[in-house]
Amino acid sequence: MNTSSNNNDTLCVVPPAASLEGFASLTVPVYRASTIVFPNAAAYRSRAARSPDGYTYGLAGTPTTRTLESQLAEIHSAARSIIVPSGQAAITTVMLALLKRGDHVLITDNVYPPVKLFARTILHSFGVDVEYFDPTRLADLEAKIRPGATKLVWVESPGSTTMEICDIPAIAARCRKSGALLGCDNTWATGLLCKPLSLGIDIVAEAITKYAGGHSDILLGAIILDDLDLYARFRAALGALGVGTSPDDCSHALRGIQTMALRIRHSGALSEQFAERLEASGFKVLHPCLPSFSGHALWRRDFAGCSGVFSLLLEGVDTGKVDCALDQLRTFAIGASWGGTRSIVAPMVVAGERHAMPASEDVSYIRISIGLESAEDLWRDIERMSDVLLG
């Protein structure tokens, strides 16, 4: 912006334009903005015509945000993606935008637990009929889906903690037949290991917090899709809700993505190695790479590899013994989330959260996320933990 003023007050507020000629950076600039400046009054009056992709106000995004969205869309071979404040926000935005009073939604029973919290509180209060199904039993889906009434079916593959792989193409065929949209949480695989849109999914959600961010220091999510009408609908919903994301966080995600393929390749290979060794030690290991895993054939068909997250299933092991085992860890950290450079474990119980799948109060899980530390140090930690659990 140019100014002809010689007044110091104005000169302090309105900076001169710096030339960009000859400047080319490898990094994406961080564009921070609430107000977007328009060239004239007519352009401002017609700003609604810029939606859903154009810039109208900082809440709807900046070039930093759009760069991240474009990169995620390309990784998924998708038409569009939308950045939101978290993976949970990606899922809840989809549900809020698509569902209304009297609609029926089917949610996989092994979904990320906060999704069930949202369903039984917010969706229930809005009059949405929520039902859960076993994603490993197509007959359960067929018995519960209601042609014309079921507006959305939501799956997560692998399932949260218990790692079940579902037959996405088969589920997609049944959804198309009944007129329901199909959404999927693809955080475990990212678009590098699975492209759900190519399998029949309509809407993909991912927690960019995890592998894309890669350093356990940001919260972001993404909605990824091909349908431009749905894209405009989700953009409008986010605007109405007043939801936006920080360009600084998007900048961190853009930096994280640069090493995401290398990190997943390393963590995935190490998780497979550890899964095989743990199984040989006598543990019940839930990892899609193992031939003994019930969803192994589906994983080989639909996925390009493994990420670094898997679980141990423990039967008849009391909480005190599990806690004692985890307290032996020196390199692993204990905490929520995963996908960063640090290896993380978390003790999990799912029995109280299951509605359509069998679950026992006598069964618990240890979820393991492999990071970038020394393999030798990590395995020594696992041996310390194993000595207690198997002792």
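Modeller: Strand β6 (residues 203-207) is largely enclosed by the rest of the structure, because five of its five residues are buried. This is a predicted model, where local features need pLDDT of at least 70, side-chain atom pairs count only at pLDDT 80 or more, and totals for chains, interfaces and linings use all residues. Residues are numbered from 1 along each chain as its sequence is written, and side-chain values use heavy atoms, with hydrogens and water left out.

Biologist: How do you know which faces of β6 are covered?

Modeller: Both are: Ile203, Ala205 and Ala207 are buried on one side, Val204 and Glu206 on the other.

Biologist: What makes β5 and β6 a pair?

Modeller: Pairing takes at least two DSSP bridges between the strands. β5 (residues 181-185) and β6 have three and run parallel, so they pair. Cys184 has Val204 as its bridge partner. With β7 (residues 221-225), β6 has five bridges, antiparallel, and Ala205 stands opposite Ile223.

Biologist: Why is Ser307 called buried?

Modeller: Buried means under 20% relative accessible area (exposed is over 50%, partly exposed in between; 1.4 Å probe, protein chains only). Ser307 has 0% relative accessibility, so it counts as buried. You'll find it in the loop between α11 (296-302) and β9 (309-315).

Biologist: What is Ser307 in contact with, beyond its neighbours within four places in sequence?

Modeller: Contact means heavy atoms within 4.5 Å. Ser307 has such contacts with residues including Trp188, Tyr211 and His287.

Key:
Helix = DSSP H or I, 4+ residues; strand = E, 2+ residues; numbered from the N terminus.
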